[in-house]
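User: Please go through this model with me by question and answer. I would like the cut-offs stated as the terms come up.

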Amino acid sequence: MTYETDMSEALAAYKAGRLTEKEVLDAFHNLGMTDLGFAKLDHNRSLRRGFPEVVYCEGKSIQQAKTILTVLASRHANVLGTRASEELYEALREEIPEASYHPQARLIVLEREPLPKDLDHKIAVVTAGTSDVSVAEEAALTAELMGNEVMRIYDVGVAGIHRLLGHVEEIRSANVIIVVAGMEGALASVVGGLVEKPVIAVPTSVGYGANFRGLSALLGMLNSCSAGVAVVNIDNGFGAGRMASIINHLR
C-alpha cells in the first residue's frame, strides 16, 4: 500500500458516497504526514517533488532511523537513506529485507518499482581522483534511483589532463554533468570549459591541510571562470544527484 494508492482509494470512497467531504479532507490530512514524536514524516513529498522524503541517517539513533525508514517503506515503493551505517542496515534488514546497502556511498536503497529511464538523456558523474568516488557514488546511485541513466567516469583529474581528454566526447553526450573533486577543485572549471551542458560541481573534503576539509575546493569551484558551473555543498553527493535528476527530467 503506497501513499498514492491510499489517496486514490480515499477519492474513490468519496466518489462512491462512502466518505463525506469532511471525511475525505481529514483522510488527506492524516495520510499526508505521520507524527512519530521525534520526527514528522512528509508523505506528500512524493506528489509535490516526484520522490518520497529522503532520510539523512547520520546524527539519528539506530532506532530512530530504523523506525523512520520502516514507516516510509510501508507507504512508498522507493526509499533512500543517506549517510547510513552498516550497523543501521543490519538492524533494518528484518523489517525491510528488500533493501540494499552500498557501503562506499553509505546509502540504504529500497527500489521496489524502478522509475523509467530515458536512455537518450544521461547524467555523467566525473571524479578527479579515486578518493572522490565515495561522494560520486552517492550522487550516481541517487540519480539512478530517481530514474536516470548514469555514466561513471572516474579518476580523470587535472594532474593528468590527458585522462580527461580521452573521455570528452563521452562527457559531451550527457545531458547533465556532475564533477566531483577535492584538493583545489580545478576539474569543475576544466569540464565546464569543454561542454555546453550544465555542470554541477561537488567539492570534497579530500586533500591535505590547506584543503580545509573541502573549503578550498568549494571556494575554487564558486570562483570558476567557466560559465554554466553550479556548486553544491562539500561532500553533498546526494544534493548533486537530486539536482541533476531534476534538470535531466526537464523537457
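User: Which handedness does the β-α-β unit made by S7, helix H6 and S8 have?

Analyst: This is a predicted model, in which local features need pLDDT of at least 70 and side-chain atom pairs count only at pLDDT 80 or more, while totals for chains, interfaces and linings use all residues. Residues are numbered from 1 along each chain as its sequence is written, and side-chain values use heavy atoms, with hydrogens and water left out. Helices (H or I, at least four residues) and strands (E, at least two) are DSSP runs numbered from the N terminus, and a crossover is right-handed if, with the strands pointing away from the viewer, the path from the first strand over the helix to the second runs clockwise. For S7, helix H6 (residues 133-145) and S8, the unit is right-handed.

User: In which sense do strand S7 and strand S8 pair, parallel or antiparallel?

Analyst: Two strands pair if DSSP finds at least two bridges between them. Strand S7 covers residues 122-127 and strand S8 residues 149-153, with five bridges joining them. Within this pairing, alanine 124 is opposite methionine 151 of S8. The sense of the S7 and S8 pairing is parallel.

User: Why does serine 245 count as buried?

Analyst: Serine 245 sits in helix H11, residues 237-248. Contact means heavy atoms within 4.5 Å; beyond its neighbours within four places in sequence, serine 245 has contacts with Ile123, Met146 and Asn148. Buried means under 20% relative accessible area, exposed over 50%, and partly exposed in between (1.4 Å probe, protein chains only). Serine 245 therefore counts as buried, its relative accessibility being 2%.

User: What accessible area do Phe212, Leu215, Leu219 and Leu222 have together?

Analyst: Patches are made of residues with over 30% relative accessible area and no salt bridge, with like charges joined within 9 Å and nonpolar side chains (Val, Leu, Ile, Met, Phe, Trp, Tyr) within 5 Å; a salt bridge is a side-chain nitrogen of Lys or Arg within 4 Å of a carboxyl oxygen of Asp or Glu. Areas come from the Shrake-Rupley method with a 1.4 Å probe, and for residues only the protein chains shown count as cover. One member, leucine 219 of helix H10 (residues 215-222), is partly exposed at 43%. Together the four residues form a nonpolar surface patch of about 410 Å².

User: What is the phi of phenylalanine 212, and of arginine 213?

Analyst: Phenylalanine 212 is in the loop between strand S10 (199-203) and H10, and arginine 213 is in the loop between S10 and H10. Phenylalanine 212 counts as exposed at 57% relative accessibility, and arginine 213 counts as exposed at 73%. Neither is a glycine, yet phi is positive: near 50° for phenylalanine 212 and about 55° for arginine 213.

User: What share of the residues of the protein chain count as buried?

Analyst: The protein chain has eleven helices and eleven strands, and its C-alpha trace spans about 65 × 40 × 30 Å along its principal axes. It exposes about 12,400 Å², of which carbon and sulfur atoms supply 54%. Of its 251 residues, the buried share is 47%.
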